[in-house]
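Please keep the sequence and the model in view while reading.

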Amino acid sequence: MIAAQPFDFPYDGKLVPSQTALMVIDLQIDFCSPNGYFASMGYDPAPLAAIVPAVNRVISAARQAGCLIIHTRQGYRADLADMTPYEKWRRKRSGLENTQVLLRSSPGFQLLPELDVTDTDVIIDKTCNSSFTYTDLEHVLRARGITHMLFTGCTTDVCVHTTLREACDRNFQCLTISDCCASGEQWAHEAAINMISIENGIFGTVSTSDAVIAGLAKAIS
């Protein structure tokens, strides 16, 4: 088991790495670089980039244990065919019209080069905050027999939380790794983390990278 709050994970004590997926959400250049989309919106990307070493440690432990590693990337088609009128309006309002920001054809769409990614990992491309919306994520999870999910990435309050909530509604057992997630503002990160464990774990459990690594090591010992 993994030491967590408000209870250890999983609740029944049955941690099976082959049935567990580690979600690494949107650790892309556009979000974590000082020259990317997030910075252009006036947010400091430094807290997002700062979690990468801890995320890499968890990725290494999860991979060694036999977990499925899933990376997500958010962005639109180069021809904008998948962008609604409202999304185009917001893009223009944000000063991003006629730019390559958040387009799949742009360098900023790519995962951070320092992120631990291998050919055995799964990459899910998405246009929405949730990794489930208009993607084949759930099909991949069901096909691989995944029942439990570990969450890392950015931002805690938006894409991580939205995906987490949908995973809970789909009856996956979920754990969020607090020091492997980040937001543009610390208060938003803290609020999102606090919301997970209310009502006796309404959105699963919360733990740390050290506790997750230790729990995964015990699972294969």
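Is the crossing of α4 and α10 left-handed or right-handed? The model to be inspected for this is a predicted one. In it, helix α4, formed by residues 52-65, packs with helix α10, formed by residues 209-219, at an angle of about 10 degrees. Their axes are 9 Å apart. Angles under 35 degrees count as roughly parallel, and therefore α4 is described as roughly parallel to α10. As to handedness, α4 and α10 cross in a left-handed sense. On the α4 side the contact is made by A54, R57, V58, A61, A62 and A65, and on the α10 side by S209, V212, I213 and L216. Sorted by class, the residues of this contact are eight nonpolar, one polar and one charged.

S209 belongs to helix α10. Its relative accessible area is 1%, so S209 is buried. Leaving out residues up to four places away in sequence, S209 touches A54, R57 and V58, and also I177, D179 and C180. The residues A54, R57 and V58 are among those that α4 brings to its contact with α10.

Helix α7 spans residues 156-169 and helix α8 spans residues 186-196; the two pack at an angle of about 20 degrees, with 9 Å between their axes. The pair α7 and α8 is therefore roughly parallel as well. The crossing of α7 with α8 is right-handed, whereas that of α4 with α10 is left-handed. From α7, the residues T156, D157, H161, L164 and R165 meet A188, H189, A192, I193, M195 and I196 of α8. By class, this contact of α7 with α8 comprises six nonpolar, three polar and two charged residues.

Is V206 buried or exposed? With a relative accessibility of 12%, V206 counts as buried. V206 and D179 are 27 residues apart along the chain, and their C-alpha atoms are separated by 9.9 Å. D179 is also one of the residues touched by S209.

Another strand residue is R73, located in strand β2, residues 68-74. Because its relative accessibility is 14%, and buried means under 20%, R73 counts as buried. Beyond residues up to four places away in sequence, R73 touches D26, Q28, F109, Q110, L111, I123, I124, D125 and K126.

A39 provides a contrast in accessibility. This residue is placed in helix α2, residues 37-40, and at 22% relative accessibility A39 counts as partly exposed. Its contacts, neighbours within four places in sequence aside, are S33, P34 and P45. Computed along the sequence is not the whole account: A39 and G184 are 145 residues apart in the chain, and 9.2 Å apart in space from C-alpha to C-alpha.

An unreviewed UniProt entry places the feature "domain: Isochorismatase-like" at residues 20-210. In the model, the end C-alpha atoms of residues 20-210 lie 17 Å apart, and the span is 39% helix and 20% strand.

Conventions
Residues are numbered from 1 along each chain as its sequence is written. This is a predicted model: local features need pLDDT of at least 70, side-chain atom pairs count only at pLDDT 80 or more; totals for chains, interfaces and linings use all residues. Side-chain values use heavy atoms; hydrogens and water are left out. UniProt positions are given in the numbering used here, feature names are shortened, and annotations may be inferred rather than shown by experiment. Helices (H or I, at least four residues) and strands (E, at least two) are DSSP runs, numbered from the N terminus. Buried means under 20% relative accessible area, exposed over 50%, partly exposed in between (1.4 Å probe, protein chains only). Contact means heavy atoms within 4.5 Å. Axes are lines fitted to C-alpha atoms, for helices over the stretch in contact, and angles run from 0 to 180 degrees between N-to-C directions. Angles under 35 degrees count as roughly parallel, over 145 as roughly antiparallel, 65 to 115 as roughly perpendicular and the rest as oblique. A crossing is left-handed if the near helix is turned anticlockwise from the far one by less than a right angle, and right-handed if clockwise. Ala, Val, Leu, Ile, Met, Phe, Trp, Tyr, Cys and Pro count as nonpolar, Asp, Glu, Lys and Arg as charged, and the others, Gly among them, as polar.
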